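Dear colleague,

I am handing over the structure we spoke about, and I would be glad if you could look through it alongside the notes below.

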Amino acid sequence: MPTLRLHDTLTREVRELAPLDGKTLRFYCCGPTVYGPAHIGNFRTFVLQDVFRRTAELSGMATLHVRNITDVDDKTIRDSQAQGLTLEEFTNYWSDRFHTDCARLNLLPPHHEPSAIDHIPQQIALIEQLIEKGHAYQSEDGSVYFNVPSFPGYGCLSHLDTRELRTGASGAVDSDEYDKDSVADFALWKARKTEDGANWWPSPWGEGRPGWHLECSAMCRQYLGDTFDLHSGGIDLIFPHHENEIAQSVASSGQPFAAHWFHIAHLMVDGGKMSKSLGNLHTLDDLETHGHSPMETRYALVSGHYRQPLNFTFQSLSDARKAMEKLSKAEQFLREQLGQPLAPSYEDLLGLEDRGIFEPAFLALSQDLNTPDALGKTFSALRGLKSGTAPGDIRRDWLGLHAVLSALGLILPEPEAASDVPAEVLALAEQRWQAKQAKNWAEADACRARVTELGWIIKDGKDGYEVSKS
RNA sequence: GGCGGGAUAGCCAAGUGGUAAGGCCGAGGUCUGCAAAACCUCUAUCGCGGGUUCGAUUCCCGCUCCCGCCUCCA
């Protein structure tokens with residue numbers, strides 16, 4: 001079993017990852033806040049987490065994957081009310097949409113997908129523990145805050161000295177929060193406000209709702225225990241979200257929290273930050289409107305290393321299509337050598353011992369999830385295969401290729417089905433073929449021209465032809 | 001101001017103390033009545049200036065520029 005090595009944000013080094021309990025790799029990924037369609041930047045994170053899980057599983061490890069749904073916060077409350085929906089109706093709609101997009105991107109569903117609202121009691125229990133241990137306090141209005149100065153390790157993940165955490169450092173001050181003892185303190189429980197509408201819950205501190213950071217700490221504990229293998233999210237979550245999670249969890253349990261931290265760098269669009277005002281917050285639907293499939297998007301998202309900002313362009317989607325067609329041709333070549341077997345299932349590939357000429361590509365994934373290197377090594381192996389310089393076991397190599405593709409989660413395009421070609425086009429193509437056999441070039445060319453006009457392309461093979469959409 | 005990540009061919013993007021993977025695009029070739037596909041070949045000395053070294057794109061220092069975080073953003 002190849003060892004899995006991954007960069008750890010906490011220690012800032014690439015470290016080997018092995019299940020703490022010797023059996024199952026348990027990890028938590030911060031999920032979406034469901035108040036609108038997720039954009040491809042969000043999906044970069046989820047796709048890379050998926051590649052991580054697949055690589056672990058294909059290496060022979062068992063996994064336990066938890067990813068939450070944040071279904072209560074300022075934005076979900078605000079937007080649900082604006083649309084005259086209950087919070088549940090609103091978040092259910094966007095959760096469903098999120099799941100649809102995940103499926104289109106071939107993301108493995110997490111083993112557990114807990115939501116904040118479904119875990120209010122666990123969150124309240126966590127706050128009670130924190131207050132009991134002197135790490136939290138109640139303010140005048142009934143909100144509860146975490147007492148940051150009471151937790152010496154605060155800032156260890158983001159390497160931000162707590163002295164530097166001063167309000168207004170970035171130019172925007174929330175002068176609303178007078179109740180905090182220290183500017184670094186953050187809300188565990190937010191007292192009910194009129195604008196929250198029906199969205200409040202009873203608690204020992206009065207009516208209100210949980211703070212954002214709290215849900216993850218509570219649900220990590222619920223599904224993975226106090227200490228588990230890995231915690232992941234976008235790079236922007238390092239501070240303050242993950243820093244706060246560590247504070248809440250460690251201060252309440254007295255145990256180590258996540259053993260390893262996995263953060264994914266941001267996606268850029270056309271060299272700059274994505275933003276609504278620039279109109280470059282692409283969703284899967286947007287891209288499909290432009291004729292780019294979710295798989296092309298997935299390929300584009302894994303074409304850069306997860307620790308580097310990735311520049312996303314429409315050109316990268318076109319490149320992805322071409323690259324996948326190339327992979328598909330090679331896969332068909334191997335399949336034909338084997339006499340048209342069915343593609344192996346994901347389960348068939350788990351813990352595969354010998355990946356043949358694709359072993360280096362798979363190894364690249366095991367080495368800090370180097371997806372671009374894995375793709376490069378895959379194409380390099382392909383070249384050797386086709387030029388016959390890599391003699392070997394075809395079946396072994398075919399399975400090896402599928403292991404790499406499965407780890408990346410790529411589903412290759414199938415050759416165009418002939419069935420949806422219009423009868424008229426089919427007839428013209430056949431007529432042309434007959435003319436060609438008779439060496440009647442003028443008629444053959446006329447037929448080709450006509451077919452082209454209709455938006456189709458004829459490609460001749462050795463003993464026949466294929467028609468495809470132009 | 002603090003912390004962090006970058007700068008590699010037309011575009012995207014790996015990597016290494018010993019003269020730089022891969023994909024896309026482009027050029028040439030084999031093949032082909034045409035067209036396409038397929039296959040082969042070709043295209044960079046790695047932001048700037050110093051230093052260490054037999055040798056640096058890779059290590060160190062300085063500089064320029066870019067980006068992110070420091071506020072409930074993946």
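Here is what was found, taken one region at a time.

Please keep in mind from the start that this is a predicted model.

I began with an open sheet of four strands, which follow the order β5-β6-β7-β8 and pair in the antiparallel sense. At its edges lie β5, covering 136–138, and β8, covering 208–210, and each of these pairs on one side only. Going from one strand to the next, the twist averages 20°. If you look at β5 in more detail, you will find that three bridges join it to strand β6, residues 144–146, with the two running antiparallel, and that Tyr-137 stands opposite Tyr-145 in β6.

The next region is a right-handed β-α-β unit, made by β9, helix α6 (residues 238–253) and β10. Its strands β9 (residues 228–234) and β10 are paired in the parallel sense over six bridges, and Gly-233 stands opposite His-263 in β10. Strand β10, which covers residues 258–264, is mostly covered, since six of its seven residues are buried.

Lastly, there is helix α9, with 24 residues (314–337), which at 1.5 Å a residue should span 34 Å; the end C-alpha atoms are 35 Å apart, so the model agrees with this expectation. Among the buried residues of α9 are Leu-317, Ala-320, Met-324, Leu-327 and Leu-334, and the list also includes Glu-331 and Arg-335. Just after α9 comes Gly-339, which takes a positive phi of about 80°.

With best wishes

Notes: Residues numbered from 1 in each chain as written. Chains lettered and ligands numbered in written order. Predicted model: local features only at pLDDT ≥ 70, side-chain atom pairs only at ≥ 80, totals over all residues. Heavy atoms only, no water. Pairing = 2+ DSSP bridges. Axes fitted to C-alpha atoms, helices over the stretch in contact; angles between N-to-C directions. Expected span 1.5 Å × (residues − 1). Buried < 20%, exposed > 50% of the residue type's maximum accessible area, 1.4 Å probe, protein only. Right-handed = clockwise from strand over helix to strand, strands pointing away.
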